[in-house]
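Colleague: I am new to this structure and would like to learn how to read its features. Could we go through them one at a time?

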Amino acid sequence: MPRIPHFDQIVFSGGGLRCFWHGGWMSAVESAARFDPRRVTGVSGGALSAAAWLADREAWLFERFGRALHRNDANVTWDDADDDHGRTPHQRVYKAIVDDVIDGPAQDRIADGPAFQISVATPTDAPAPDALQAGAAGLIYQAEQVVAPTPHPRLSAAAGMTRRLIDARRAARDGTLPDLIRMAATVPPAFRPDTWDDEPIYDGGMVDKAPRPEPDRGRTLVLLTKRFRTLPDDEGGRIDYVQPSDDVLSGGKLDFTDPTLLREAWDQGRRDGEAWLEDR
């Protein structure tokens with residue numbers, strides 16, 4: 001049986017429903033051995049992937065998310081604009097799923113596990129209102145991903161957004177981890193922002209799609225959910241970037257009406273994990 005290398009750190013990138021690629025990849029690779037990192041980070045939907053993996057809830061997340069999408073028949077309704085919980089069904093559906101899967105026992109397990117940080121984006125002290133900053137950063141991010149796609153965007157800071165790493169293990173001990181995971185996937189204007197420690201927070205993928213932890217030490221495994229033509233330098237073999245063998249859910253990463261997308265992403269992750277194992 002192949003032996004998997006030791007990684008001191010594991011990073012779960014974001015990507016909406018593409019993040020079910022994480023679950024399939026992990027299910028295949030960990031059929032050989034369980035990873036045992038000292039530090040874990042997650043961003044956007046990858047925050048939920050990381051939490052589900054740490055709590056051993058990946059299969060439950062897959063099943064629960066599938067049921068929710070089976071019941072949801074629209075991504076946008078006329079009533080959403082004035083809804084207190086979000087401008088689209090995404091925010092309401094996501095909250096219910098996270099609350100169910102990352103429950104008390106799951107949070108207890110996470111609190112007792114390795115260091116876990118969730119990356120978010122926060123506005124700087126620029127004069128523009130928070131929502132305008134976040135919207136501008138989102139547009140800049142999308143443009144950069146078309147022109148020069150990279151796991152580490154460089155231009156969102158121009159709109160006054162910066163990265164913040166939040167101690168998710170502490171949030172688990174406080175019983176607030178589901179709230180943090182939900183807030184970490186706040187994409188304006190579909191999701192309305194909330195505050196953490198009196199600071200508005202948004203999807204951290206606008207600032208860094210593959211945020212390394214603090215402190216950043218040792219060998220790091222970065223699990224991406226989309227393909228990039230070029231990847232950052234591996235820093236002398238210290239960083240292992242793993243990306244899908246093909247595009248995952250091209251154009252459908254936020255379609256909350258089609259549960260078959262989850263299986264598609266999961267199965268591709270499983271195949272890619274099996275191929276990665278064969279190369280060890």
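Modeller: We can start with a definition: a helix here is a DSSP run of H or I with at least four residues, and helices are numbered from the N terminus. Keep in mind that this is a predicted model.

Colleague: How far apart are Arg263 and Asp267 in helix H9?

Modeller: The general idea is that an α-helix has 3.6 residues a turn, so residues three or four places apart point the same way. In this structure, Arg263 and Asp267 are 4 residues apart in helix H9 (residues 260–278), and therefore about one helical turn separates them. Their side chains meet in a salt bridge, at 3.1 Å from N to O.

Colleague: Are Arg263 and Asp267 buried, partly exposed or exposed?

Modeller: A residue under 20% relative accessible area is buried, one over 50% is exposed, and one in between is partly exposed. Arg263 has 41% and is partly exposed, while Asp267 has 18% and counts as buried.

Colleague: How many salt bridges does the structure hold?

Modeller: In general, side chains of opposite charge can pair when their charged atoms come close. This structure holds 19 salt bridges.

Colleague: Which residues are linked in a network of salt bridges?

Modeller: Such a network links Arg212, Asp216, Glu235 and Arg238. One of its pairs is Asp216 with Arg212, whose side chains meet at 2.9 Å from N to O. Another is Arg238 with Glu235, at 3.3 Å. For accessibility, Arg212 is buried at 13%, and Asp216 is partly exposed at 29%. Arg238 is partly exposed at 23%, and Glu235 is partly exposed at 36%.

Colleague: Next, a helix and its surroundings. Why is helix H2 described as largely enclosed by the rest of the structure?

Modeller: The reasoning is a count of buried residues. In H2 (residues 45–54), 10 of the 10 residues are buried, so the rest of the structure largely encloses this helix. Among these buried residues are Gly45, Gly46, Leu48, Ala52 and Trp53.

Colleague: At what angle do H2 and helix H3 pack?

Modeller: Two packed helices are described by the angle between their axes and the distance between the axes. For H2 and H3 (residues 58–71), the angle is about 130 degrees and the axes are 7 Å apart. That angle makes H2 oblique to H3. H2 contributes Leu48, Ala52 and Trp53 to the contact, and H3 contributes Glu58, Leu61 and Phe65. By class, the contact of H2 with H3 has 5 nonpolar residues, 1 charged residue and no polar ones.

Colleague: Where is Asp198, and is it buried or exposed?

Modeller: Asp198 is in the loop between strand S5 (194–196) and S6. Its relative accessible area is 77%, so Asp198 is exposed. Asp198 also has a positive phi, near 65 degrees, in a residue other than glycine.

Colleague: Which residues does the cis peptide bond with an omega of about -5 degrees join?

Modeller: That cis peptide bond joins Glu214 and Pro215. Pro215 is found in the loop between strand S6 (199–203) and strand S7 (220–223).

Colleague: How many residues apart along the chain are Thr41 and Glu214, and what separates their C-alpha atoms?

Modeller: They are 173 residues apart along the chain, and their C-alpha atoms are separated by 9.2 Å. Thr41 is found in strand S2 and is buried, with a relative accessible area of 0%.

Colleague: Which residues does Thr41 touch, leaving out those up to four places away in sequence?

Modeller: With that exclusion, Thr41 touches Ile10, Val11, Phe12, Ala50, Gln117, Pro211, Arg212 and Pro213. As for Pro211, its backbone oxygen lies 2.6 Å from a polar atom of the Thr41 side chain.

Key:
Residues numbered from 1 in each chain as written. Predicted model: local features only at pLDDT ≥ 70, side-chain atom pairs only at ≥ 80, totals over all residues. Heavy atoms only, no water. Buried < 20%, exposed > 50% of the residue type's maximum accessible area, 1.4 Å probe, protein only. Helix = DSSP H or I, 4+ residues; strand = E, 2+ residues; numbered from the N terminus. Salt bridge = Lys/Arg side-chain N within 4 Å of Asp/Glu carboxyl O. Axes fitted to C-alpha atoms, helices over the stretch in contact; angles between N-to-C directions. Parallel < 35°, antiparallel > 145°, perpendicular 65-115°, else oblique. Contact = heavy atoms within 4.5 Å. Nonpolar A, V, L, I, M, F, W, Y, C, P; charged D, E, K, R; others polar. Polar contact = N/O pair within 3.5 Å; in protein donor to acceptor, adjacent residues only side chain to side chain.
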